[in-house]
Amino acid sequence: MQLKRLARALCVIALAVPGMVKPSPASAEVQIFACEPEWAALASEIGGDVAHVYSATHGRQDPHYIRARPSLIAQVRQADLLFCSGAGLEEGWLPVLLQRGARVTIQRDQPGHLMASEHVRMLNPPSLVDRSQGHVHAEGNPHVQLLPENIAFLATELARRLTVIDPDNAEMYRRQLSIFQERWKDATANWMERKSHLEGMPVVVRHEAWAYLFEWTGIKQVASIERLPGVPPTANHLQLVLELARNAGAVAILRAPYEPSEGMEWLSDKAGIPIVDLPFTVGGQEGVDDLFDLFEVTITLLEEVRDQY
Ligand SMILES: [Zn+2]
């Protein structure tokens with residue numbers, strides 16, 4: 001495979017020139033750079049033993065606001081495949097990484113450039129919202145991971161990309177995909193049954209982080225603490241959120257691991273409803289080690305909320 005030969009040649013050069021990036025463990029055939037832990041988890045499922053998967057962020061970091069630090073640049077330089085949410089989520093850092101010496105094969109329109117949001121049906125599609133108002137999801141809602149069918153679509157697309165990038169292991173990727181899809185189908189059937197009991201449950205959020213989960217489960221978002229995605233609340237807006245929460249009989253405020261409690265505790269106190277921490281991604285809570293855990297724990301926590309009200 002020509003790419004591999006080139007990569008090996010570059011590794012030799014890298015070893016010879018002080019300060020250049022050292023190669024990753026030689027055992028891995030394909031280097032996958034995931035922007036978020038959910039995509040790293042999916043890459044590990046499909047990539048099997050031959051993929052070396054690196055996640056740029058962990059489950060308790062806010063993926064909207066990451067610094068393009070040198071360690072990330074070093075990792076992206078080695079990548080054969082880039083797997084991110086897209087739709088502007090990584091706008092503040094990914095373009096910098098791609099400019100700082102990432103291979104041509106992971107640049108836009110190449111097989112090694114996989115943006116999850118381009119392979120699913122987007123919610124809140126592009127609008128003319130002015131970005132000066134903050135981080136506003138102007139390209140649609142990029143938090144696409146909390147919908148099981150999105151994961152299934154992306155598993156298939158990822159396997160397809162890997163067979164193009166690394167045809168020598170095509171059979172193995174197809175096998176991994178088939179094993180994953182079979183397990184995912186069974187798990188989804190169980191979640192489908194349980195999610196039907198969550199329909200209509202009114203909740204408050206901080207950020208539009210759960211749109212796909214709500215679309216799937218029918219949970220009703222009655223208010224958002226942020227005035228706009230990425231724009232912190234004012235005192236007036238919080239008062240409005242309190243009224244909306246009371247009027248709709250909201251039962252909880254859902255919080256992602258990286259979200260500040262600013263405004264949430266006040267609201268929780270005034271409205272008399274709990275703040276419920278959900279994992280949001282793989283690694284977002286203790287024991288959420290893969291995508292199956294992510295959905296299982298999320299649904300279980302939401303069932304607990306429902307049972308208490
Ligand atoms: Zn967002």
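Student: Which residues lie nearest the centre of the second largest pocket?
Tutor: This is a predicted model, where local features need pLDDT of at least 70 and side-chain atom pairs 80 or more, while totals for chains, interfaces and linings use all residues. Residues are numbered from 1 along each chain, and side-chain values use heavy atoms, without hydrogens or water. A pocket is an open set of points on a 1 Å grid where a 1.4 Å probe fits, with protein on both sides within 12 Å along at least five of seven lines; lining residues have an atom within 4 Å of a point. Of its 14 lining residues, those nearest the centre are Gly 88, Leu 94, Pro 95, Arg 108 and Met 115.

Student: Which element gives the most to that lining?
Tutor: Both α4 (94–99) and β4 supply at least two residues to the second largest pocket's lining (DSSP runs: helices of at least four residues, strands of at least two). With three residues, the top contributor is α4.

Student: Which protein donors hold the zinc ion?
Tutor: Donors are N, O or S atoms within 2.8 Å of the metal (3.2 Å for Na, K and Ca). Their spacing along the chain is H-x72-H-x5-H-x63-H. Through NE2 atoms 2.0 to 2.1 Å from the zinc ion, they are His 64, His 137, His 143 and His 207.

Student: How many residues apart in sequence are the parts tied together by His 137 and His 207?
Tutor: Both histidines are buried (under 20% relative accessible area, 1.4 Å probe). His 137 sits in the loop between β4 (113–115) and α5 (148–165), and His 207 in the loop between β5 (202–205) and α7 (211–217), so the sequence separation of the parts they tie together is 70 residues.

Definitions and conventions:
Buried < 20%, exposed > 50% of the residue type's maximum accessible area, 1.4 Å probe, protein only.
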